[in-house]
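Let us read this model together, one feature at a time. Keep the sequence and the 3D view open.

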Amino acid sequence: MRLLGWAVVALGGCYLGVMGCDSPETTAPSAPGGGSSVSASTGVGGAGGEEEPYVPDPIPELDDEPPPLCDDPAPNAFQFLDDSCDVKRFPSNTDRDLACATIDESAVIELTGGGLVTYEPSSEAIDVDDALVGIVPDELLVTAILIRRVNGVPHYRYLSNGTHDIAYQPWSTSKFLAAANAASRLRAASSGDVGLTASVDGTPLGDFVTSMHNYDYDPYSSNSIGRYFHDIGGRDRANDLIHSLWLDRPSTETFGGNYGEAAPPLGFTFVEPTGPEITISPDTSFGYANSLASFTTAEALKRLVLHREEAGQRLPGIEWDDIMTLLYGAEGSTKYGAFGGMSDDKAVYFQSAHDMDYIESRSKGRWRIFSKLGNGSQGQFLDVGYACLPVLDDELEPVPGWGRELVIAANLPTGGATWAERDRLLARAIRAIVIRVVDGRL
């Protein structure tokens, strides 16, 4: 493994700790693909009491190949979809309310290797760049949303290989939407008093959200829980989320189908820890076929995670407490701890996409990954995930131009001689995107 960073030191300057640097003045490396100068307001004291700029660690230079299979993988499990090598890890910081600590000083970004790209706020029309052509397989159905917080305001760049609007069966990757719809309906039916933060039959709904993502079958299957959330949220309403109620996607896309197993024997009276409760009538209809494009699932996850920042794009009715439950599971869960929900998805596609020791160190433990896997009956491998990968200085302030934030939704329906090979191909594609985002090539 080699390291990037030395090459981006300004000519005539010195990198901290380099032999032969006699001057106390230090020129910090430019942000890779950042287009912003590093702020000199933080760092160690310099000559005359002036502060030297904070210099982040060099970025590891990685190739596109994911880690090899371990010597003793779990039997009948896939390396990345099921984490058969047991490599999943969690951030050292456990703040549920954490906002991604990234900042940029301009929406115009100079890419590593040359060229300028412009990030746009949500008020502007979306233009999807085909920059992923040649980086990911042609057969991969994929959308990536890159996020830059320009002086605190989210701006976006949408990438694909031209497949972003092709609808497909999203399999289990759509379950997070079923849970979000359940929260939205509960809030609407209770005038905001009851949501995903409630319990049913004595168990927090957030623990069921976690079990749906980590597949522990304790006591119910992920598929049965996904169907239960549709029973709560309603299938017509789930389909409306894709259209006029929220995402305004084409009529060819539909949502609200079940997940192949009966719902668990749970009731429909929901009680908040603070006392409010509501009883609803479940929707037990068959619903609509699930048929969504990668753009749709990526955009939905982006809007949920950025609920606080993008008031005009919020899922109607849902509250931030519900979204924290979706992302982290039940607050104070005695069963799953601090990282449940989408944090506890068993797939490790995103975690296998970079050097996690480096990510943990540079972020001071304030990175986040939320995801949902999918696996189709004909060997389709899918994943939708969000990653916050900041760079913080010693005062825990974001270093301008260095942090990264992104969403990827991907479906690999074919490829490889075996399902295990296809699992690796999807991991390779996601890694190819992530490492190029982190080092500034995308």
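**Reading salt bridges and a strand**

Q: Where do we start, and how many salt bridges does a search of the whole structure find?
A: First, a caution: this is a predicted model. A search of the whole structure finds 20 salt bridges.

Q: What does R157 form a salt bridge with?
A: Look for a Lys or Arg side-chain nitrogen within 4 Å of a carboxyl oxygen of Asp or Glu. Here R157 pairs with D129, and the closest N and O atoms are 3.3 Å apart. R157 sits in strand β8 (residues 153–160) and D129 in strand β6 (residues 128–129), so the pair ties together parts that are 28 residues apart in sequence.

Q: Is R157 buried or exposed?
A: Under 20% relative accessible area counts as buried. R157 is at 7%, so it is buried.

Q: Which side chain meets R187 in a salt bridge?
A: That of E319, at 3.7 Å from N to O. This pair links distant parts of the chain, 132 residues apart. R187 is in helix α1 (residues 175–189), while E319 is in the loop between α5 (294–305) and α6 (320–328). R187 counts as buried, at 6% relative accessibility. E319 counts as partly exposed, at 31%.

Q: What about K335: which residue does it form a salt bridge with?
A: D218, with 3.4 Å between the closest N and O atoms. K335 lies in the loop between α6 and α7 (356–363), and D218 in the loop between α2 (205–214) and α3 (222–233), so the pair ties together parts 117 residues apart in sequence. K335 is partly exposed, at 38% relative accessibility. D218 is also partly exposed, at 40%.

Q: Which residues do salt bridges that share partners join into one network?
A: E65, R424 and R428.

Q: Now a strand. How many residues of β7 are buried?
A: Check accessibility residue by residue. In strand β7 (residues 141–150), 10 of the 10 are buried, so the strand is largely enclosed by the rest of the structure.

Q: Which strands pair with β7?
A: Strand β17 (residues 404–412) pairs with β7 in the antiparallel sense over seven bridges. I147 stands opposite E405 in β17. β8 also pairs with β7 in the antiparallel sense, over eight bridges. There, Y158 is the bridge partner of I145.

Q: Which residue takes a positive phi in the hairpin of β7 and β8?
A: N151, with phi near 50°. The hairpin has two residues between the strands.

Technical notes: Residues numbered from 1 in each chain as written. Predicted model: local features only at pLDDT ≥ 70, side-chain atom pairs only at ≥ 80, totals over all residues. Heavy atoms only, no water. Helix = DSSP H or I, 4+ residues; strand = E, 2+ residues; numbered from the N terminus. Buried < 20%, exposed > 50% of the residue type's maximum accessible area, 1.4 Å probe, protein only. Pairing = 2+ DSSP bridges.
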